[in-house]
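Me: I have a structure to go through with you. Can we start with the strands and then move on to the packing and the charges?

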Amino acid sequence: SCDTLLLLDGRHKFGPEPNQPNTLDNCSDGTGGNYHSDESLDAIFISSDSGEDITEGSTVTVKADAWCWDNGRYDFIYFFHASDATDPDWNLTGRIQCTGGGKQTLSVSYELPKGTLQAVRASIRYENGNVAQGACGSGSYDDADDVVIEVREDPSFQGTTDTGTTEAEEQVETVKESTNSDQQTHDKKKQHRKGERKRKQQLRKKNGSR
């Protein structure tokens, strides 16, 4: 198993996140908001479902600890994997909506492709943010983090090095179509967020807090 513990906690300067952006391809983090008030991807845990060594062809579960804004309804976690961490070609593993606000743990499972040095990425995005950007979002509240994992070779495994999940890709296509056809709803959500921030700032001033 592999656990990042506190090595990814926070986002960009918020936390601050140690060694940010913690991505293999210099995918940068959004710079909007505040620590553990707005979105961040805080930890990744990877384990073999069998309880044995992480091996080619085995099923692993990737868990991500994320900080979701408000009640979580506008935030989604995107999971990606790459068979070669030295030159990652990211494949979408899954997309999951936050189930609430604050700290949330979300997970996906998938079969490892061939490759002895692989990578996993988890990315939190606001409002299905920037789905057209693929594995690297560019929103003000986006946070992507990567983990490199050593995988035990299995000579008997005949799988490929590219196992992009068709179902997950179809989900993103659906999100793209929905986003493109519903700009008015998108704008309303943005106004909602601005209004919530203004309300919270007013409450802080009233209560004498920073």
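Me: How many bridges join strand 3 to strand 6?
Reply: Ten, and the two strands run antiparallel. Bear in mind that this is a predicted model.

Me: Fine. What is the bridge partner of Val-60 in strand 6?
Reply: Val-60 has Tyr-110 as its bridge partner there.

Me: What is the strand order in the open sheet?
Reply: The order is 1-2-3-6, four strands with antiparallel pairing.

Me: And which are the edge strands?
Reply: Strand 1 (2-3) and strand 6, each of which pairs on one side only.

Me: On to packing. How many residues are in the largest nonpolar core?
Reply: The largest nonpolar core has 23 residues. Leu-41, Ile-44, Ile-46, Val-62 and Ile-77 have the most contacts inside it.

Me: Which strands each supply at least two residues of this core?
Reply: Strand 2 (40-48), strand 3 (59-68), strand 4 (75-82), strand 6 (102-111), strand 7 (117-126) and strand 8 (143-150).

Me: Which strand gives the most to this core?
Reply: Strand 3, with five residues.

Me: You listed Ile-46. What is Ile-46 in contact with, leaving aside neighbours within four places in sequence?
Reply: Ser-1, Cys-2, Ile-54, Val-60, Thr-61, Val-62, Val-120, Val-147 and Ile-149. Val-60, one of these contacts, is the residue bridged to Tyr-110.

Me: Now the surface. Which residues make the nonpolar surface patch?
Reply: Leu-24, Leu-117 and Val-148 make a patch of about 210 Å². Leu-117 is found in strand 7.

Me: Is Leu-117 buried or partly exposed?
Reply: Leu-117 is partly exposed, with a relative accessible area of 33%.

Me: Charges next. How many salt bridges does the count come to?
Reply: The count comes to four salt bridges. In one of them, the side chains of Asp-25 and Arg-121 meet at 2.6 Å, N to O.

Me: Where do Asp-25 and Arg-121 lie?
Reply: Asp-25 lies in the loop between strand 1 and strand 2, and Arg-121 in strand 7, so this pair ties together parts that are 96 residues apart in sequence.

Me: Why does Arg-121 count as buried?
Reply: Because its relative accessibility is 0%, and buried means under 20%. Asp-25 counts as partly exposed, at 36%.

Me: What else is linked with Asp-25 and Arg-121 in a network of salt bridges?
Reply: Asp-146 is linked with them in that network. The side chains of Asp-146 and Arg-121 meet at 2.6 Å, N to O.

Me: Where are the two ends of that one?
Reply: Asp-146 is in strand 8 and Arg-121 in strand 7, 25 residues apart. Asp-146 is buried, with a relative accessible area of 9%.

Me: Last one: what about Glu-56 and Lys-114?
Reply: Their side chains meet in a salt bridge of 3.4 Å, N to O. Glu-56 lies in the loop between strand 2 and strand 3 and Lys-114 in the loop between strand 6 and strand 7, so the pair ties together parts that are 58 residues apart in sequence.

Me: Glu-56: buried or exposed?
Reply: Glu-56 is buried, with a relative accessible area of 5%. Lys-114 counts as partly exposed, at 23% relative accessibility.

Note on methods: Residues are numbered from 1 along each chain as its sequence is written. This is a predicted model: local features need pLDDT of at least 70, side-chain atom pairs count only at pLDDT 80 or more; totals for chains, interfaces and linings use all residues. Side-chain values use heavy atoms; hydrogens and water are left out. A nonpolar core is a set of buried Ala, Val, Leu, Ile, Met, Phe, Trp, Tyr and Cys residues joined through side-chain atoms within 4.5 Å. Buried means under 20% relative accessible area, exposed over 50%, partly exposed in between (1.4 Å probe, protein chains only). Contact means heavy atoms within 4.5 Å. Two strands pair if DSSP finds at least two bridges between them. Patches are made of residues with over 30% relative accessible area and no salt bridge: like charges are joined within 9 Å, nonpolar side chains (Val, Leu, Ile, Met, Phe, Trp, Tyr) within 5 Å. Accessible areas come from the Shrake-Rupley method with a 1.4 Å probe; for residues, only the protein chains shown count as cover.
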